[in-house]
Amino acid sequence: MPDLPPFDLSGQNALITGSSDGLGYAAAELLAQAGAHVWINGRDSARCDAAVAKLQAADGKAFALPFDVANEDATDTAFATLAQAGGLSILVNNVGMRDRRALPAFTRDDLRRLMDVDLIAPFRLAQRSAAQMTPRGYGRIVNISSIAGIIAQSGDAAYTSAKAGINGMTKALAAELGPQGINVNAVAPGYFKTAPNAAAAADPAVTAKLQTASALGRWGEPAELAPAILFLASPAASYVTGQILAVDGGYTSHY
Ligand SMILES: NC(=O)c1ccc[n+]([C@@H]2O[C@H](COP(=O)([O-])OP(=O)(O)OC[C@H]3O[C@@H](n4cnc5c(N)ncnc54)[C@H](OP(=O)(O)O)[C@@H]3O)[C@@H](O)[C@H]2O)c1
């Protein structure tokens, strides 16, 4: 383990997938403040450039790395760029798509698309990252799961299956990569105000449900997820691996 203060990420390359917006952007902001060189990802390069400009304006070290995580060739090209930049120390596997429909509505192609993005891509990204982390005997992989990987609701079987898969993958990779100095953990967000949740956040019924169903009784702000990611991405988490940390205002611990 490098001899660094616990939350100092100075000079460490951190790839945060899906970080031009949403929870990924909030994580990028905090990791950049901790000194990481953050690689901003999304499919739209203009949105990546805009996020990089905002981070650089706040004195962060940020670089755009646009690619679709579901595209294997594009992923390999991106990892070649990271290797040239000295290799990756931190992966935040954040991209995840929702497709919430009842069981009969799912075709095989719908299911495969969701699994490609939400489970197969994170697996491949972890694999490519571990190859760069192993030679230096140090790495941190933080998978962004969901409370849907822990508890379930009707009409969400595909997403729930993928996120439960992420949780299992987290534990298995922690066991496999631990001897190489790579810690693998997951964060399971509850209800956060990001663009995909805009309609739900505007729906008084959802907010009313949160008031009773969670201990804190409210929506989370994206900046409230980022500190958990920073902890698990940092040297401070030296003895923490294979864990699923719910950051959900007490949604999964309260009834
Ligand atoms: N928000 C919540 O309440 C909540 C709750 C539980 C779990 N989560 C999980 O947290 C993660 C982030 O959620 P979020 O709400 O922040 O999502 P989001 O707002 O949809 O994330 C948007 C970001 O992801 C990028 N992106 C989307 N598809 C991509 C792809 N195939 N390849 C590369 N980049 C892609 C977008 O850029 P482009 O559009 O340009 O590609 C943008 O940077 C997801 O895994 C989600 O399942 C969120």
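**View 1. Lining of the largest pocket in the predicted model.** By class, this lining comprises 21 nonpolar, 16 polar and eleven charged residues, where Ala, Val, Leu, Ile, Met, Phe, Trp, Tyr, Cys and Pro count as nonpolar, Asp, Glu, Lys and Arg as charged, and the others, Gly among them, as polar. The largest pocket is lined by 48 residues, and those nearest its centre are Gly96, Met97, Arg98, Tyr159 and Pro196. At least two lining residues come from each of α1, α4 (108–133), α5 (157–177) and α7 (204–213). The volume of the largest pocket is about 1200 Å³. A pocket is an open set of points on a 1 Å grid over the protein atoms alone, where a 1.4 Å probe fits, with protein on both sides within 12 Å along at least five of seven lines, and lining residues have an atom within 4 Å of a point. This is a predicted model, in which local features need pLDDT of at least 70 and side-chain atom pairs count only at pLDDT 80 or more, whereas totals for chains, interfaces and linings use all residues. Residues are numbered from 1 along each chain as its sequence is written, and side-chain values use heavy atoms, with hydrogens and water left out.

View 2. Of the 30 residues around the ligand (a heavy atom within 4 Å), Ser20, Arg43, Asn94, Tyr159 and Thr194 come nearest. An N or O atom in the side chain of Thr194 is 2.5 Å from an oxygen atom of the ligand, and a polar side-chain atom of Lys163 lies 2.9 Å from a ligand oxygen atom. From the backbone of Val69, an N or O atom lies 3.1 Å from a nitrogen atom of the ligand.

**View 3. Thr17 in its loop.** Thr17 lies in the loop between β1 (13–16) and α1 (22–33), and counts as buried because its relative accessibility is 0%, the cut-off for buried being under 20% (1.4 Å probe, protein chains only). The side chain of Thr17 reaches the backbone nitrogen of Asn94 at 2.8 Å. Beyond its neighbours within four places in sequence, Thr17 is in contact (heavy atoms within 4.5 Å) with residues including Asn41, Val69, Leu91 and Leu125.

**View 4. Ile90 in strand β4.** Ile90 belongs to strand β4 (residues 90–93), strands being DSSP runs of E with at least two residues and helices runs of H or I with at least four. With a relative accessibility of 0%, Ile90 counts as buried. Its contacts beyond four places in sequence include Leu9, Leu31, Met133, Arg140 and Ala233. Ile90 and Asn183 stand 93 residues apart in sequence, with 9.8 Å between their C-alpha atoms.

Conventions. Buried means under 20% relative accessible area, exposed over 50%, partly exposed in between (1.4 Å probe, protein chains only). A polar contact is a pair of N or O atoms within 3.5 Å; within protein, one must be able to donate a hydrogen and the other to accept it, and residues adjacent in sequence count only if both atoms are side-chain atoms. Grid points are joined across faces, edges and corners, and a volume is the space filled by probe spheres set on the points.
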